[in-house]
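Work through the exercises below with the sequence and the structure side by side. Try each task before reading its solution.

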Amino acid sequence: MRIFKHPVSTRRLLQLGLVVTGAVAGAVFGVVLTRLGKLATGAPPATIANYVWNAAVFGALAAVVSPLVTWSELRRASLWRTVTEPLVTAVAGGCVAVVLGVPVLILVLPPLGLGLGFANLRRRYPETFEAGRLAPIPDMSRVTES
């Protein structure tokens, strides 16, 4: 009887790591987006409660989305890239909205940047097979009974 099942335990550790790093990246994004949103709209500075709320909400969302996207679409990409590159492109989208000075773009450009980050990773690390596709059935007509 094996006490530790290595493939299963390794996969669970990777999933836990993706949940934790996704939550941290989402929290960082929530804090940065709060600051950028206040700058873009010209609103008064955010309170600590604003930062904590946005960090919690974005952290929880990213903790769920990060493992799902990584295991379903980005299996070939490095795990650190699946967290950092979409985060960087989403923050860059928010910065562009602030630089352009159009407050509505703070709602559009960060999610667009996040999607572009995921799409770029998908393009750079393609799957070698198509999911849901079965291997071709070999031609059994030549097989003779002996």
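The model is predicted.

**Exercise 1. Is glutamate 73 buried, partly exposed or exposed, and which residue does its side chain meet in a salt bridge?**

Step 1. Glutamate 73 has a relative accessible area of 36%. Buried means under 20% and exposed means over 50%, with partly exposed in between, so glutamate 73 is partly exposed.

Step 2. The side chain of glutamate 73 meets that of arginine 122 in a salt bridge, at 3.1 Å from N to O.

Step 3. Locate the two partners. Glutamate 73 is in helix H2 and arginine 122 is in helix H4, 49 residues apart, so the pair links distant parts of the chain.

Step 4. Check the other side of the pair. Arginine 122 has 33% relative accessibility, and therefore counts as partly exposed.

**Exercise 2. How many salt bridges does the whole structure hold, and which residues are joined into one network?**

Step 1. A search of the whole structure gives three salt bridges.

Step 2. Take glutamate 85 and arginine 81. Their side chains meet in a salt bridge of 2.5 Å, N to O. The two residues are separated by about one helical turn, because they are four residues apart in helix H3.

Step 3. Take glutamate 85 again, now with arginine 124. These side chains meet in a salt bridge of 3.4 Å, N to O. This pair links distant parts of the chain, with glutamate 85 in helix H3 and arginine 124 in helix H4, 39 residues apart.

Step 4. Salt bridges that share partners join Arg81, Glu85 and Arg124 into one network.

Step 5. Glutamate 85 has a relative accessible area of 16%, so it is buried. Arginine 124, at 33%, is partly exposed.

**Exercise 3. Which helices supply at least two residues each to the lining of the largest pocket, and which gives the most?**

Step 1. Start with the space itself. The largest pocket holds about 470 Å³. It is lined by 25 residues, and Gly26, Phe29, Phe58, Ala90 and Leu114 are the closest to its centre.

Step 2. Go through the helices. At least two lining residues come from each of helix H1 (6-41), helix H2 (48-73), helix H3 (79-100) and helix H4 (105-124).

Step 3. Find the main contributor. H1 gives the most, with eight residues.

Step 4. Sort the lining by residue type. There are 17 nonpolar residues, seven polar ones and one charged one.

**Exercise 4. Which residues form the nonpolar patch on the surface, and where does valine 104 lie?**

Step 1. The patch is formed by Val96, Leu100, Val102, Val104, Leu107 and Val108, which together have about 550 Å² of accessible area.

Step 2. Assign the patch to elements. H3 and H4 are the elements that give two or more residues to the nonpolar patch.

Step 3. Valine 104 lies in the loop between H3 and H4. Its relative accessibility is 56%, so valine 104 counts as exposed.

**Exercise 5. In which helix is leucine 79 found, and what distance separates its C-alpha atom from that of serine 66?**

Step 1. Leucine 79 is found in helix H3.

Step 2. Leucine 79 and serine 66 are 13 residues apart along the chain, and 10.0 Å separates their C-alpha atoms.

Step 3. Leucine 79 has 32% relative accessibility, and therefore counts as partly exposed.

Definitions and conventions:
Residues are numbered from 1 along each chain as its sequence is written. This is a predicted model: local features need pLDDT of at least 70, side-chain atom pairs count only at pLDDT 80 or more; totals for chains, interfaces and linings use all residues. Side-chain values use heavy atoms; hydrogens and water are left out. On a 1 Å grid over the protein atoms alone, a cavity is a set of points where a 1.4 Å probe fits but cannot get out, and a pocket is an open set with protein on both sides within 12 Å along at least five of seven lines; lining residues have an atom within 4 Å of a point. Grid points are joined across faces, edges and corners, and a volume is the space filled by probe spheres set on the points. Ala, Val, Leu, Ile, Met, Phe, Trp, Tyr, Cys and Pro count as nonpolar, Asp, Glu, Lys and Arg as charged, and the others, Gly among them, as polar. Patches are made of residues with over 30% relative accessible area and no salt bridge: like charges are joined within 9 Å, nonpolar side chains (Val, Leu, Ile, Met, Phe, Trp, Tyr) within 5 Å. Accessible areas come from the Shrake-Rupley method with a 1.4 Å probe; for residues, only the protein chains shown count as cover. A salt bridge is a side-chain nitrogen of Lys or Arg within 4 Å of a carboxyl oxygen of Asp or Glu. Buried means under 20% relative accessible area, exposed over 50%, partly exposed in between (1.4 Å probe, protein chains only).
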